[in-house]
Protein chains: 2
Amino acid sequence: MKQLLKTLDFTHFVVKEFVNAGDTVIDATAGNGYDTLFLAELVGERGKVFAFDIQQKAIQSTEGLLREQGLFPRVQLIRDGHEHIEEYVKEEVSAVMFNLGYLPGSDHRIVTQPETTIKGVKAALTMLSPGGVITLVVYTGHPGGQEEWPFIEHYVKSLAKNNYRVLLYKFLNTDKSPFMVAVEKR
Amino acid sequence: MKQLLKTLDFTHFVVKEFVNAGDTVIDATAGNGYDTLFLAELVGERGKVFAFDIQQKAIQSTEGLLREQGLFPRVQLIRDGHEHIEEYVKEEVSAVMFNLGYLPGSDHRIVTQPETTIKGVKAALTMLSPGGVITLVVYTGHPGGQEEWPFIEHYVKSLAKNNYRVLLYKFLNTDKSPFMVAVEKR
């Protein structure tokens, strides 16, 4: 029996469609490193993943996971916020993944903020190659999560439809599940 | 270059996952017959599609299309509203597809109504086998379309999450594209 893809599985399903071996991509919120690992597998040996996080703990977890899997050579970890990705990545990218909320298993007071998130998304859109995609997985169950989303929603809804397609993937009869927004650059 | 699936393509992608050869399924709004044809292909020779529409023109278009494709033997056309599907279909079904709005190319004053749509969806949920799915493609560009959706939204949000999963698939930076709601019975 098949079922509707969960938000995180659908996010990976989307990113897989847009990323080819050899691409450069960005994990804007490395967290525990699972998306960094997923991206490192997708881009292959000749590809490159830039992974950002402001927390040292996240950088360490991600490095540990990627070394364990033998994929660390294709990853560059940067301890800085995703509002600064343009300072580090000088080439076009085919995908940028954001997880909005807090680092699981860490200090829940350290959460992403709408101002820096929107800066990060704007930067990501300029760096994205045509036919590339940004994914934002939005958690609203934590304090501040309810406040962040309306700012992001307002911003992504304003994107010109001739240049971008903005998709919402959301389970409606639950408050706690994360939902996903994908922005495709035409 | 891949792209985000359009709403109608994603709807077919979902239904394909849930329907097997030999199943019985329902097209609750036959319209021009495209979903009836899609379902008839999915269920195969031993399957059955019940297709409903209140407009004679829709019944005729659908019959014409299905005969043309040689798949009419596996289809039963019923000229009645989808609020009465239980009177005609006495077996479990694995999928029910609804298109909410008007029949393209026909009288735009004849549109689906929230009361009958909700009756139809409720009936569909009772007839659905566990692991089955209902899809609702919602057009809001026509007069009355804006009014119908809040009723449907309120209803599907109220479905118990232990029994159903309710997914919204919607493009955010356009007003005119249809969006899709899928209800999976657990």
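Sixteen is the number to start with: across the interface of chain B and chain A there are 16 residue pairs in polar contact, both partners at pLDDT 80 or more. Keep in mind that this is a predicted model.

**Size of the interface**
- Chain B puts 32 residues into the contact, and chain A puts in 32 residues as well.
- Together the two chains bury about 3,000 Å², with carbon and sulfur atoms giving 65% of that area.
- Looking at what chain B buries against chain A, 26% comes from B:Leu4, B:Leu172 and B:Asn173, which is more than any other three residues supply.

**Salt bridges**
- The rule finds two salt bridges across the interface of chain B and chain A.
- One of them links A:Glu17 to B:Lys2, with the closest N and O atoms 3.0 Å apart.

**Which elements of chain B take part**
- Five elements of chain B each bring at least two residues to the side touching chain A: the helices α1 (7-18) and α6 (145-157), plus the strands β5 (128-138), β6 (164-171) and β7 (179-185).
- The largest share of that side belongs to β6(B), with eight residues.

**Strand pairing across the chains**
- β6(B) also pairs with strand β6 (residues 164-171) of chain A, running antiparallel over five bridges.
- Within this pairing, Tyr meets Tyr: A:Tyr169 has B:Tyr169 in β6(B) as its bridge partner.

Technical notes:
Residues are numbered from 1 along each chain as its sequence is written. Chains are lettered from A and ligands numbered from 1 in the order in which they are written. This is a predicted model: local features need pLDDT of at least 70, side-chain atom pairs count only at pLDDT 80 or more; totals for chains, interfaces and linings use all residues. Side-chain values use heavy atoms; hydrogens and water are left out. Contact means heavy atoms within 4.5 Å. Buried area is the accessible area (1.4 Å probe) that two parts lose on being put together, summed over both. A salt bridge is a side-chain nitrogen of Lys or Arg within 4 Å of a carboxyl oxygen of Asp or Glu. A polar contact is a pair of N or O atoms within 3.5 Å; within protein, one must be able to donate a hydrogen and the other to accept it, and residues adjacent in sequence count only if both atoms are side-chain atoms. Helices (H or I, at least four residues) and strands (E, at least two) are DSSP runs, numbered from the N terminus. Two strands pair if DSSP finds at least two bridges between them.
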